[in-house]
Amino acid sequence: MGLTSIDWLIIGVYFAFVLGIGFALKRYTKSSTDFFLAGRSLPAWVCGLAFISANLGAQEVIGMGASGAKYGLATSHFYWIGAIPAMVFVGIFMMPFYYGSRARSVPEYLRLRFDEKTRGLNAISFAIMTLFSSGISMYAMAKLVQILHILDLPFRTLGIPQAWIFHTGMVVSALVVLGYIYFGGLTSAIYNEVLQFFLIVAGFAPLVWLGMKSVGGWAGLKASLDPSYLHSWVGMSNPHTNRLGVEWFGLTMGLGFVLSFGYWCTDFLVVQRAMAADSMTSARRTPLIAAIPKMLLPVLVILPGLIAMALTSQLTAAPASAPSSAARQDTQATRGLIPVKRNPATNQPELDTNGRPQLDYDLAVPNLLLRYFPTGLLGLGLTALLASFMSGMAGNVTAFNTVWTHDIYEPYIRPNAADAHYLMVGRMATIAGVALSVVTAYLATHFNNIMDMLQLVFAFVNAPLFATFLLGMFWKRTTGHGAFAGLLSGTAAAALHHGLTIPAGSSVGIKGGWLAILHTYPSEMAQNFWTAIFAWVTCFVITIAVSLVTKRPDESRLVGLVYSLTERPEQSHLSWYQKPAILGGVILIATILLNIAFR
Amino acid sequence: MHLDIRLPIGALFTTLGILLSVFGFFSNPAIYAQSLGINVNLIWGLVLSVFGLLMLLLGIRATLLNANSRKMVFREEELRPSKESID
């Protein structure tokens with residue numbers, strides 16, 4: 001692929017702005033509150049856009065396009081039931097405790113509400129997890145730069161070996177993210193996330209426009225795709241009659257309740273964005289404002305995957321009209337713009353259990369970009385992709401430096417130091433966090449299985465979390481011992497369930513069944529959802545049981561941390577459309593309408 | 001008071017929009033065979049410029065209003081008789 005000077009200019013302008021924002025904000029970053037919580041001074045809409053943008057990383061943009069191509073419109077469940085209800089819930093019910101308790105992080109809330117050991121468990125597992133997530137983002141970005149051959153020509157001209165492209169992509173992205181967070185802290189990360197949100201819209205909207213025009217609009221999509229691609233609910237009564245391979249109960253409970261609430265309501269990466277808001281009302285409106293664009297994001301991230309898939313039949317009908325070389329390489333098995341997945345070591349196509357070649361769905365969106373964007377717009381499209389990778393990385397790095405400083409360094413290593421000291425530690429943690437992300441990214445390159453295994457372990461750790469928060473916030477009898485025991489047993493239950501079950505067509509090992517096979521799930525997704533359900537229920541039951549046999553917590557200590565002991569936020573001065581409950585209701589109704597329209 | 005975020009957003013999108021539309025205006029029409037014959041650089045560049053200018057406008061207005069209201073506060077403090085003068 002040849003980029004011309006206009007493309008480079010656009011990418012360069014973007015990088016200049018990203019770093020410029022960091023430098024411009026440097027003089028406002030004087031205290032640790034400025035650095036870790038943006039001085040609690042940002043308006044709701046800024047926090048709201050950062051709230052979704054921090055999550056709109058590589059896995060999201062490339063991954064949701066890939067899922068769109070593989071599963072079709074059913075991918076929208078990850079938005080409409082897998083995000084919106086939880087975002088409304090956290091805004092209306094949970095934010096009063098997060099923001100009102102003046103905790104500086106989610107683990108710190110756990111210390112205030114429960115005890116030190118529950119906080120320590122959450123802080124340490126979260127810190128490790130963020131490093132790996134940011135490493136994965138970095139790895140994906142460097143890989144994309146390599147696969148799209150963005151730097152091939154300049155490297156050849158300069159006589160630098162092509163193998164260095166990957167390393168360069170990694171180091172440059174690390175330095176840029178480091179640069180803007182080091183100086184401006186969370187404010188800088190949030191400002192850049194908002195910028196990145198608009199860039200992603202600016203880069204992907206013309207892709208959907210040209211793509212839809214090319215396939216002949218919605219009618220064209222319908223004509224060229226199997227009907228199963230264009231429904232989100234039809235066929236959900238049985239795992240074998242829909243593309244996801246799950247049934248409605250596993251979907252709504254596993255994804256819609258356990259996983260979604262576990263992420264959006266307890267993950268400090270997103271909650272931190274709301275904590276930066278300038279008032280309680282703004283903090284509560286942050287996830288609600290975020291829910292509005294989140295509801296519409298499937299158009300930008302899932303639809304391109306569907307378009308790439310739909311172009312198949314049209315391209316196979318007239319193969320000569322496909323000028324993209326990337327799409328032409330594997331004319332035999334390729335479907336449209338989506339090439340066959342190859343084993344990196346042997347370059348042989350990878351086959352599924354039925355002996356058919358697997359498609360590399362991750363290339364659906366990048367290939368669509370190369371297919372339709374002329375030079376100029378191509379620079380903008382690539383900038384949007386780079387922006388999404390960096391926002392994902394930056395979100396993790398800012399969450400890491402805060403949790404490290406407030407929840408690990410301050411309580412366990414050096415308590416009662418001056419504010420300036422913690423500010424310095426935060427900056428050092430930013431450098432260390434970025435450096436460790438590079439290490440994890442290289443780990444991902446060398447040990448693919450280690451990465452899969454870590455993700456699995458994180459899933460086990462995360463699944464029960466929401467039960468702990470739900471009980472902690474709404475049942476004042478919940479004790480620290482109960483929460484700690486619940487979390488550990490929930491994680492153990494997840495591991496046990498995974499070890500005893502396996503998705504159909506998989507081999508024993510990382511996919512499950514490593515203890516014994518008691519049950520076979522129709523798909524990996526169904527297994528994941530049920531693992532989460534088992535973990536959640538176990539944590540919920542054990543937390544209640546242990547709480548009932550341990551000493552009742554002192555109620556005076558729980559004011560502001562538990563629903564029944566906390567005054568409702570004053571909101572009589574707000575006009576009706578500003579009230580979180582009304583805003584939340586409107587969002588839920590709109591989501592239901594979307595589900596009905598695209599059932 | 002922080003830097004109003006609409007200023008950098010506006011400046012970035014205006015710059016990108018102008019770059020794209022000027023390039024689109026002078027570029028060889030043959031390159032648009034790829035984008036279904038539409039000069040997307042020109043059209044999208046204009047769209048981005050409009051968005052960028054709007055953001056700039058809102059950002060500048062808010063910054064000026066803010067500066068004004070702060071000036072008013074200072075003024076009031078000046079006008080208020082100081083403790084010593086009352087004594």
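Okay, let's start at Thr130(A), which sits in helix α8 of chain A, the stretch covering residues 116-147. Keep in mind that this is a predicted model. So is Thr130(A) buried or exposed? Its relative accessibility is 3%, and because buried means under 20%, Thr130(A) counts as buried. What does its side chain do in there? A polar atom of the Thr130(A) side chain lies 2.7 Å from the backbone oxygen of Ala127(A). And if you skip residues up to four places away in sequence, Thr130(A) touches Asn396(A), Ala399(A) and Phe400(A).

Which side chains does the Arg119(A) side chain make polar contacts with? One is Glu116(A), at 2.8 Å, and another is Asp407(A), at 2.4 Å. Leaving out neighbours within four places in sequence, Arg119(A) is in contact with a whole list of residues, among them Pro107(A), Glu108(A), His406(A) and Tyr412(A).

Okay, over to α1(A). This helix has 21 residues, and from first C-alpha to last it reaches 30 Å, close to the 30 Å expected at 1.5 Å a residue. Quite a few of its residues are buried, including Ile6(A), Ile10(A), Phe15(A), Val18(A) and Leu25(A). Asp7(A) and Gly22(A) are on that buried list as well. What do the buried residues of α1(A) pack against? They pack against α10 and α18 of chain A, together with α1 of chain B, residues 6-26.

That brings us to the two chains. Here 37 residues of chain A are in contact with 28 residues of chain B. For chain A and chain B the buried area is about 2900 Å², with carbon and sulfur atoms giving 84% of that. How many salt bridges are there between chain A and chain B? The count is zero.

Which elements of chain A give two or more residues to the side that touches chain B? They are α1, α3, α10, α17 and α18. The most comes from α10(A), with 13 residues. And by class, that side of chain A has 30 nonpolar, five polar and two charged residues.

Technical notes:
Residues numbered from 1 in each chain as written. Chains lettered and ligands numbered in written order. Predicted model: local features only at pLDDT ≥ 70, side-chain atom pairs only at ≥ 80, totals over all residues. Heavy atoms only, no water. Contact = heavy atoms within 4.5 Å. Buried area = accessible area lost by both parts, 1.4 Å probe. Salt bridge = Lys/Arg side-chain N within 4 Å of Asp/Glu carboxyl O. Helix = DSSP H or I, 4+ residues; strand = E, 2+ residues; numbered from the N terminus. Nonpolar A, V, L, I, M, F, W, Y, C, P; charged D, E, K, R; others polar. Expected span 1.5 Å × (residues − 1). Buried < 20%, exposed > 50% of the residue type's maximum accessible area, 1.4 Å probe, protein only. Polar contact = N/O pair within 3.5 Å; in protein donor to acceptor, adjacent residues only side chain to side chain.
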